[in-house]
Structure formats: C-alpha cells, structure tokens
Amino acid sequence: MNCRKKVFQWTALVILPFLSFTVWAFDPLGTPDRDAIEYPEDEAPGQAEIELGKMLFFDNRLSINDQQSCASCHNPDLGFSDGMAFSMGTMGKRVGRNAPHLYNLAWNLLHFWDGRAASLEEQALGPIEAAGEMNMPLSTLIPKLKEVPYYDKTFTEVYGSSGVSKENVGKAIAAFERSLISDNSPFDQYLAGNKAAMSPSAIRGLGLFKGKANCAECHDGSNFTDNSFHNIGVKGDDLGRGAIANDKTLNKTFKTPGLRNITLSAPYMHDGSEPSIEAVVRFYNRGGNEKGGVDQLIKPLDLSEQEVNDVVAFLGALLDPVIVERPALP
Ligand code: HEC
Ligand code: HEC
C-alpha cells in the first residue's frame, strides 16, 4: 500500500489530518498483475458465473419498465460509458453524474466517483434499486428472474440451493465486471520491450506524464489510479467524497479514475464537463477551472502545443479494448 493510500485512510478516519503533508511515494506505472486481484473467497470465478453475470448485465429485465440494462449506461461500444455528460435513467430523468468506464475494476478498492461502495457485489445492487436509474425493487426483481427458466436453472447450477437471490445477482454481475481486463495496450507492449509499439510522440508523452505534467502523481500504478480522492478544480456544487466521509476537507474531491482505454469513454470528469482527451489535457495545462481548495499539484503546467499533443498521444497508447459480444437474452 502506498503512502498516499495510508494518508487517505488516516484522513478519512479524521485522525491526525496533518499527516497528509508526509512525503509521497507512488506506485510505478506498469502492466496489471492478474495474480494480485483479490477475489472474494480468494477464488477467481468460473466461466459459468461470468456468463451469468454478463447475461444480467445486458438484460433490460433489471429495470422496472424493461427499458434499461447496465449496458445502457455502460455500453461496451462506448468504452463502457454512454457518451453523455449525465446518464439518463430508465424513467427518462438525468442522473447527477457521468457514467464511468468499467475497465480493470478488479483491482479497484472503492467504487463510484465518491468511493461510497467498497465492493462490486454491493455496488451492483445500487443502480438496480436507485429510483433515478433502473428503479427496480429487489423484492420485485428476484421473483421476476425466477420465472425465467434460464435464470432459475443457471443460478442453481452456479450457486447451489440459494438459487436466484439478491446476493447472487450481485456476485454474478461482479464476476462479469472483474473479467473486464485490459492489459495489452501499446504501452504494455512497449514496457515488455517492443519499443516500436508506441509512437515517438507517445513516448515523449509518457515522459511528460511522469515528469513535467505531474499526471502520475495521482494516476499511478498499473491502472493509473492512486485509489484516492482529489479536488482538481472541476467547477460545480457536487461535494463528492466530502458528503460521504462527512469531512469538509474532502469537499469536491473525487476518486482518481483509472485511465486504461480512456480514449473510448468521452466525455470526461464526474460531470462530463470535458468533451475530449485533448480538452482534459488543456484543462490541466491551464491549472484547472477553479482555484479554491484545489490540490496543490494542480497548477498551470506550461506545456507547449507539441507537449499537449504528446500527452494526448500517450493516453491513446493505453488502448486495448475489451470486446464483449451482446448475448442473446433468454
Ligand atoms: C442510468 C444509467 C446507469 C445504469 C442503468 C447503471 N449505471 Fe453504473 N453508473 C452510472 C453512473 C452515473 C455512475 C457514477 C455514479 C456515482 O459515482 O455517483 C455509475 C457507476 C458505476 C460503477 C462504479 C465504477 C467506478 O469506477 O467506480 C459501477 C461498477 C457500475 N456503475 C456498474 C453498474 C452495473 C453493474 C449496473 C447494472 C446493474 C449499472 N452500473 C447500471 C450510471 C448507470
Ligand atoms: C491531483 C491529482 C491528479 C493529477 C495531478 C492529475 N489527475 Fe487526472 N484526475 C484526477 C481526479 C480526481 C479526476 C476526477 C475529477 C473529477 O471528475 O472531478 C481526474 C480525471 C482525469 C481524467 C478523466 C477520466 C474520466 O474517466 O472522466 C483524465 C483523462 C485525466 N484525469 C488525465 C490526467 C492527466 C493527463 C494528467 C496530467 C496532465 C492528470 N490527469 C493529472 C486526479 C488527478
């Protein structure tokens, strides 16, 4: 665990907040280690459980009016996001935040922009029940799924006598989500010794990402996230982590998003306020959109046009799409 994660935990516990001034160390950028995934009960899910989760992920039955599945907002063709600043719930209302991509969540410690869910199992049930999203009470969903012979049979095959239950719905969806792994991008091939895998511009961008542009201070490790929360100066009233941790010093901080396949999931930021990767890099280059309370690392970077393009090229080299074919629903 790196220093900042410890610092975050201490701060979250509101013990000795001044420790956040300790010297920071960061995890080197790299290729994710599949052996380091902490599966529940220390066991990787079998293919049957992943397939069941995939079916649920794409099934509109999970919404109250059969209009929406998880894939409506986390569309595999749009980088597991939906191309909108704010997603649209099944009843036609906008959700208050941008739909994040779902790549490499298997290594993630906390979920949502404000980190309010600690496990994918727990997270998956949230949008099903949320009135603004799928609006489906679990007490209605479970009998509805039991009536579908495929689900009745497959849940029992995978989970035994507990069969179709809310816990098992969460488990199956989480098993599918943990299988969305991207680890063979041009950047990974470059690290593995194929120096031609990244363009000269992307190679310069890597240097800037770790150096002059400061990106790796927060987007570190093999998934380009420190699993921590920062205020980077996106304008707006959303209190982010502050509201969850009930800690004013965390107001307007949001989870550092992982950046693998990031070019696929525009627009960006918790409010979808940046339309493209280039716009994001220009946002950082001018030192964000708001000054008060912003992380000290966010300041004008003085990147030249060429350097902006180089950072954009590097983020493009994190591309290794996960191809998921839509299943034929039962
Ligand atoms: C109406 C659109 C919508 C639907 C439907 C939806 N989501 Fe989301 N999802 C979002 C939004 C918006 C967020 C961010 C919310 C936040 O951070 O407060 C999110 C966040 C997440 C996250 C957290 C990702 C991260 O990086 O922290 C996961 C995992 C996720 N959704 C999975 C699912 C699953 C599984 C389903 C189906 C059961 C689903 N979502 C249905 C819009 C949606
Ligand atoms: C102080 C920590 C920090 C630094 C430094 C930082 N980021 Fe971020 N980054 C974040 C956080 C936190 C967010 C989410 C902020 C929000 O939505 O309000 C984010 C969001 C992003 C996003 C949008 C991702 C998405 O899914 O919407 C991209 C792309 C990104 N950063 C790239 C970069 C690049 C490139 C640099 C260097 C120029 C950089 N970041 C520097 C913490 C940081």
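Which element contributes the largest share of the shell around ligand 1? In this predicted model, local features require pLDDT of at least 70 and side-chain atom pairs count only at pLDDT 80 or more, while totals for chains, interfaces and linings use all residues. Residues are numbered from 1 along each chain as its sequence is written, and chains are lettered from A and ligands numbered from 1 in the order in which they are written.

The largest share, 5 residues, comes from α4. Ligand 1 is surrounded by 27 residues, of which Cys70, Cys73, Phe112, Trp113 and Pro127 are the closest; a residue is near a molecule if its C-beta atom, placed from the backbone, lies within 6 Å of it. Two or more residues of the shell are given by each of α3 (70-73), α4 (120-129) and α7 (166-178). Helices (H or I, at least four residues) and strands (E, at least two) are DSSP runs, numbered from the N terminus. The shell comprises 16 nonpolar, 7 polar and 4 charged residues, where Ala, Val, Leu, Ile, Met, Phe, Trp, Tyr, Cys and Pro count as nonpolar, Asp, Glu, Lys and Arg as charged, and the others, Gly among them, as polar.

Backbone features were also identified in loops. In the loop between β2 (254-255) and α11 (277-285) lies Pro267, which is joined to Ala266 by a cis peptide bond with omega of about -5°. Met269 lies in the loop between β2 and α11, and its phi is near 85°, a positive value in a residue other than glycine. Met269 counts as buried because it has 21 C-beta neighbours inside 10 Å; the cut-off for buried is 20 or more other C-beta atoms within 10 Å of the residue's own, with C-beta atoms placed from the backbone. Asn104, in the loop between α3 and α4, has a positive phi near 55° and counts as buried, with 24 such neighbours inside 10 Å.

Note on methods
Buried ≥ 20, exposed ≤ 12 C-beta atoms within 10 Å, placed from the backbone.
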